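Subject: Structure for your review

Hello,

Here is the structure we talked about handing over. Please look through it first; my notes come after it.

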Amino acid sequence: MATVSIRNVRKTFGSTEVLHGVSVGIEDGEFVILVGPSGCGKSTLLRMIAGLENISSGEIAIDDRVVNNVAPKERDIAMVFQNYALYPHMTVRDNMAFSLSLANMPKSMIDQQVQRAAGILGLMPYLNRYPRQLSGGQRQRVAMGRAIVRDPKVFLFDEPLSNLDAKLRVQMRAEIKELHQRLTTTTVYVTHDQIEAMTMADKIVVMNSGNVEQIGAPLELYDRPNNLFVAGFIGSPAMNFLKGTVANGAFRTDDGTTLPLPNASPGAEGRPMVYGVRPEHFQLSGDGLPATVHVVEPTGSETQVIATFAGTQVLCAFRERVTAKPGETIRITPTQALSHVFDAATGQRFVA
Amino acid sequence: MDATVDVGLQRLNFVRAPDTWVTKLFDYKPFLVFLCLLPSMGLLVVFLTYPLGLGLWLSMTDTTIGQPGHFVGLENFQELMDDPVFWMSVTNTIFYTVVATAGKFTLGLWLALLLNHHIPFKAFIRAIVLLPWIVPTVLSAIAWWWIYSPQFSIVSYVFVDLLHWSDTYFNFLGSPWPARWSLIVANIWRGIPFVAITLLAGLQTISPSLYEAALLDGASGWQKFYRITVPLLMPILAVALTLSVLFTFSDFQLVYAITRGGPFNTTHLMATLAFQRAIPGAQLGEGAAIAVSMIPFLIAATLLCFFGVGRRKWQQGEAND
Ligand SMILES: Nc1ncnc2c1ncn2[C@@H]1O[C@H](COP(=O)(O)OP(=O)(O)OP(=O)(O)O)[C@@H](O)[C@H]1O
Ligand SMILES: [Mg+2]
């Protein structure tokens, strides 16, 4: 159990800088997810915590001890790799026992630890198998087993579920979360799947091209995205954006439609702004604004409608069943309290 | 649509003539298998079985060049049993194979490990490593012959004329043990590229993330080498070892070009002795008998290498529980 502090960390490969000063504080026992589009530097940051990449500038500390110059094996961390990196020539038992035997732990204690980990992960029947004799999900569990036998201070996961099929991914997601609740070991988990991030994390770090865009609890990011990037990245289906300006205490879109503002924002008067509203925050209402329906997609629990609204194509998700045909007009309105306004120039959330 | 199907069926029925003995024969599976194997069996017979059979036959005759021989049974082999030169060639061959193979694999593995890291001028070094393999053996043998020459040796020149460490030129090939070691050095030099390049290919199949995982698991450099690299390299090592032992055991060119078995037949390998007796000595039967006596050694060495270090349970295609 440990805290991890990442302070203004930069990483350069040759002459290109891929992390531009990242700072994240991770509490003891927290499940933190690094999420962001491909190539934004998540793996690089994780590998820097592990000690597999050196730190170009800034500091990483585990439990108040700065580890910039500490060898990986002294950091007391365990990592689950995206491709699992199981030793193909060792049985499941030996894979899990490897680190303990290198630490010269007595044989009986190694056995005990391996049994414990195998019990937690349901790997008992497979202890004598080789990795090639296991399914993807079982291999994934062995990789986790190899991490938990050591009882490390911090777990690092690099996209551990990306090689699994959709159904198994959902199952393993729950298993990892449950495992964390049971062991309460500080965990840093990398993914590019925002649903994984939303469902598993205590705290999400949204990254974009080498910068941290926002750090917060999943629902915090959903409710109050700091900027256009986070607004568009968190939540599925993604938030709709409408361009316009703030005039007379209301939002006026480029085609002249007036939308209600979530809060009075006098300072925004006259500046170009972006109005954001999530698909699920549109409501059908008789006195709403007209929207021309293009596509209706009933999923059972909700109905998704693609429509032109205030001159922009938007996606709406209604709890109600919508019977409108393409080409027809429905009347909808954004929920006032749940919409967002961003500064078009800076992309930052506009707070009055 | 139904109509076309009907027509098709009718046509099928129509074509299906009553079985003749030809169709019956071709429908008979063993015959078909035999027929399909015929081309490759033919090649094997012409290029492998015939020469091998001829060798075996010759070894049991008293054929000399220009004179068809008579069957003499195992007489040639009995004579070899009492032939000290033959026995020396056997011990020479075993010594030569064991020492040279050990040398080749130690240096080859070391080079492969070096080349598997990021080092400057990697491509250049790799090209240089391949050189001994590319140069025709006879050419390199002649080069070594010059290096070992009593009068023109560059080694002697360096030590005597440049460094003044010694007064007399070395006589590398003049006495048995220096000559044997000289041959082994030349053979190691010649064999390193094969070992280094093969093992390098093997090293490159090992995923770097395994080393990263081992690093996090707390393995030192040495532990990574013998707990990850060596076991994962074993399958390819076994193949390389088998081939290398076979090449070395049956080596002819280097020895024949450098020493011709001399001084006084003390550096003969079985292959060079067989040739010596059969062609310059004209005793075809006896030469063939020596060559045939290599076969059991070769089979034993192959089996040992292949089953000793090859085939691991964790590899594909083998059940273990
Ligand atoms: N060894 C390296 N040398 C040079 N550039 C690198 C190296 N490793 C990563 N990069 C660059 O650093 C950036 C971040 O890479 P990283 O692997 O951290 O991305 P990521 O966020 O994990 O993406 P993904 O979701 O695709 O795994 C990328 O632009 C990549 O090209
Ligand atoms: Mg990555």
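Predicted model: local features only at pLDDT ≥ 70, side-chain atom pairs only at ≥ 80, totals over all residues.

Domains of chain A

Chain A splits into domain 1, covering 4–226, and domain 2, covering 237–343. Their C-alpha centres are 39 Å apart. Domain 1 of chain A puts 5 residues into the contact and domain 2 of chain A puts in 6. Together the two domains of chain A bury about 380 Å², with 53% of that on carbon and sulfur atoms.

By residue class, the side of domain 1 of chain A that touches domain 2 of chain A has 3 nonpolar residues, 1 polar and 1 charged.

Chain A against chain B

The size of an interface is often quoted as the accessible area lost when the parts come together. For chain A and chain B that area is about 2300 Å², and carbon and sulfur atoms give 58% of it. The contact draws on 26 residues of chain A and 25 residues of chain B. Within chain A, the residues losing the most area to chain B are A:His89, A:Leu102 and A:Arg132, which together make up 28% of what that side buries.

How many salt bridges does the rule find across the interface of chain A and chain B? There are 2. A:Arg47 forms a salt bridge with B:Glu212, and the closest N and O atoms of that pair are 2.7 Å apart. The count of residue pairs in polar contact between chain A and chain B, both residues at pLDDT 80 or more, is 8.

As for secondary structure, α1 (42–50), β6 (77–80) and α2 (92–102) of chain A each contribute at least two residues to the side that touches chain B. The largest share, 4 residues, is from α2(A). The residues on this side of chain A divide into 14 nonpolar, 6 polar and 6 charged.

Regards

Technical notes: Residues numbered from 1 in each chain as written. Chains lettered and ligands numbered in written order. Heavy atoms only, no water. Domains from an automatic or database assignment. Contact = heavy atoms within 4.5 Å. Buried area = accessible area lost by both parts, 1.4 Å probe. Nonpolar A, V, L, I, M, F, W, Y, C, P; charged D, E, K, R; others polar. Salt bridge = Lys/Arg side-chain N within 4 Å of Asp/Glu carboxyl O. Polar contact = N/O pair within 3.5 Å; in protein donor to acceptor, adjacent residues only side chain to side chain.
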